Amino acid sequence: MALFLFGCTSTTLTTSFDPKQAAFINTQGSASITGQAFLRRNDGIVVYAAGSEVTLIPKTPYSDERIAAIYGGGKISYFGANFKNDAQEYYQYTRKTVADGEGRFTFNDVAAGSYYVTTSVIWMVQYVQQGGALMERVTVSNGQKASIIMSGR
């Protein structure tokens, strides 16, 4: 497993954050998103996102560009990204929870729409941090119960 070094690249975002496009995250809906996040070490041991923050991000042109810069079209990032012109208002349009001891999490009362779910699975080998950040895309409609597995594959 590669070394996870968050913030190694520096990117300038070309898309502006528009709060109107992300506002649906603050609308109470009737969908729920549950999931489990984990990575498997090279020795076969499974490491869960136990105690890690899990973030629900509305899919917008701005978040699309951020996610593409961090994950490069995949579902795992070992190096992350640092944004030169990050919109601080963006963070007010996310929801957060914490994964339990088995990396499980739930978001209730989610409005219909498309989202990114992100978290990290990190462990130490001697003095070296390993693991990475995970991302999964999910679309829900009213009343839907979506379940996702975040494993970087």
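Tutor: A salt bridge is a side-chain nitrogen of Lys or Arg within 4 Å of a carboxyl oxygen of Asp or Glu, and by this rule the count here comes to six. The model is predicted, so local features need pLDDT of at least 70, side-chain atom pairs count only at pLDDT 80 or more, and totals for chains, interfaces and linings use all residues. Residues are numbered from 1 along each chain as its sequence is written, and side-chain values use heavy atoms, with hydrogens and water left out.

Student: What makes Glu53 and Lys96 a salt bridge?

Tutor: Their closest N and O atoms are 3.6 Å apart, and the limit is 4 Å, so the pair qualifies.

Student: Why is Glu53 called partly exposed?

Tutor: Buried means under 20% relative accessible area, exposed over 50%, and partly exposed in between (1.4 Å probe, protein chains only). Glu53 has 45% relative accessibility, so the label is partly exposed.

Student: What makes strand 4 largely enclosed?

Tutor: Five of the six residues of strand 4 (residues 53–58) are buried, so the rest of the structure largely encloses the strand.

Student: How do you know that strand 4 pairs with strand 7?

Tutor: Two strands pair if DSSP finds at least two bridges between them, and four bridges join strand 4 to strand 7 (residues 95–98), running antiparallel. Within this pairing, Leu56 stands opposite Arg95.

Definitions and conventions
Helix = DSSP H or I, 4+ residues; strand = E, 2+ residues; numbered from the N terminus.
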